[in-house]
Amino acid sequence: MLLPVPAAGEPDVRSWVADHLGDLTTQAAKPVDPPLRGGQTSADAALWAFDVAGYARRRNEVWPPQRRGASGLSPYIRHGLLTLREVWDHVGSGPPRDTAKFRDELRWQEYARHLYARVGDASAESLRYNVVERSEPVGDPWVSEAKCLDLCWEELAGGWLTNQTRMWLASHWTVRENHGWRDGEDLMFRHLLDGSRAANRLGWQWTVGALTGKAYGFSRWQVEKRAPGLCTTCPLERHCPIEHWPTVSEREPRAMPNPHLRRDDDPESTAGPSTPRHTAEAEAVWMTAESLSDRDPAAASHPELPVIFVFDEPLLRRLQLSVNRLAFLAESLADLATRREVRVHRGDPVEVLQGIALATTFAPVPGWRRRAARLDVAALHPWPWLERPRSGPVGSFTAWAGSARPARRGGTRTRR
């Protein structure tokens, strides 16, 4: 189904989502407006405004919001509006300690992509240590009298959380309450503007101990340190449900961990082409949610061609993403449409794109691979890696970083 192109401007875009995609969305019990807007214009402005100075000291601060040092760039990075290389270079002139810590976090993003590109859908399972993955349905997860948890749930409903509060929610959900981590990961993925299976699953696996064997414990101590004064506003201050460190059961190693964690026998296939591959003349650019930038390699190489984006109806019906997530995508398309021809569809991408010779950019996700294999890809462009995948181990960030070449242009090898 061919849809009208969304008009630029937040109210119009949200109305557009309700009109054309509303049956495919979910909504939190407490709807919250998103803190960030989609689009290349917004992404470039956010990057230009970001000053890395003070990042190392303030990156984990939670409350009040003005104390935070988190960049807020992750939704733009996740959807390819900003590449890791662009962000890496932007902070190059900052204070050395802050630059090193921020670049370390960018490398965690790259590690997440390498891990997901290699193991794919297997990342839905506990990779190295056994941790409960599914559990009985819980009540309304959005209801909590504890101020710290209520703050986290409310900000998740808006679509963005700091890394610290993501760990708080994941730890409380699985380590303290013993709910399945996949259930929690699905819930978080549904709402985060930067939700990606690569980064979101890695974060949950790391927090609950499925990747390292050591779970992250969340208690009042972290709240008092990272959100000073919040506890005094909480109705449960004298009866705090997270007063003490949670009891953590021993994580047992998996008997047969995924062999791809140790070695990739075909890293070139995992990474995709290193140079453009042309087999025929393209008729249109196929753009996906992985890469919505004006500077997307395929789009930039074919500026005269129309861009086609397909809201994947079967996938969205299953995922039931939030209105805010789809509005972010629609805003990005509306912004792009002010500069070039954009055609927006709703349906099965393979059916919509059949018979069209496409130029597209490789994406390191299994869904893209499955669809691309059934389409006429006339021009395939490389994914803009920060560090190209290699054959060594990816079972932990330390193992991955230890086998890495230093990032280009003065990069350093750092650890979290």
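Tyr55 is buried, with a relative accessible area of 7%; buried here means under 20% relative accessible area, exposed over 50%, and partly exposed in between, as computed with a 1.4 Å probe on protein chains only. The structure is a predicted model, in which local features need pLDDT of at least 70 and side-chain atom pairs count only at pLDDT 80 or more, while totals for chains, interfaces and linings use all residues. Residues are numbered from 1 along each chain as its sequence is written, and side-chain values use heavy atoms, with hydrogens and water left out.

Tyr55 belongs to helix α3, residues 55–58. Helices (H or I, at least four residues) and strands (E, at least two) are DSSP runs numbered from the N terminus. Beyond its neighbours within four places in sequence, Tyr55 is in contact with Phe50, Gly69, Ala70, Asp98, Lys101, Phe102 and Glu105, where contact means heavy atoms within 4.5 Å.

One of these partners, Phe102, lies in helix α6, residues 96–119. Phe102 counts as buried, at 3% relative accessibility. Its contacts, again leaving aside neighbours within four places in sequence, are Phe50, Val52, Tyr55, Ser71, Leu73, Val87 and Val91.

An unreviewed UniProt entry places the feature "binding site" at Tyr55 and Phe102. The two positions span 48 residues in sequence, yet their C-alpha atoms are not more than 7.0 Å apart, so they gather at one spot. UniProt positions are given in the numbering used here, feature names are shortened, and annotations may be inferred rather than shown by experiment.

Strand β4 (residues 277–278) runs antiparallel to β9 and is joined to it by two bridges; two strands pair if DSSP finds at least two bridges between them. Within this pairing, His278 stands opposite Ala379 in β9.

Strand β8 (residues 358–361) runs parallel to β9, with four bridges joining them. Here Leu358 has Val377 of β9 as its bridge partner. From β8 the chain passes through helix α17 (residues 366–372) to β9, and this β-α-β crossover is right-handed: with the strands pointing away from the viewer, the path from the first strand over the helix to the second runs clockwise.

Finally, confidence is expressed by pLDDT, the predictor's confidence in each residue, from 0 to 100. The chain has a mean pLDDT of 92, and 95% of its residues reach 70 or more. Over residues 409–416, however, pLDDT stays under 50, and for these residues the model has 28 contacts beyond four places in sequence.
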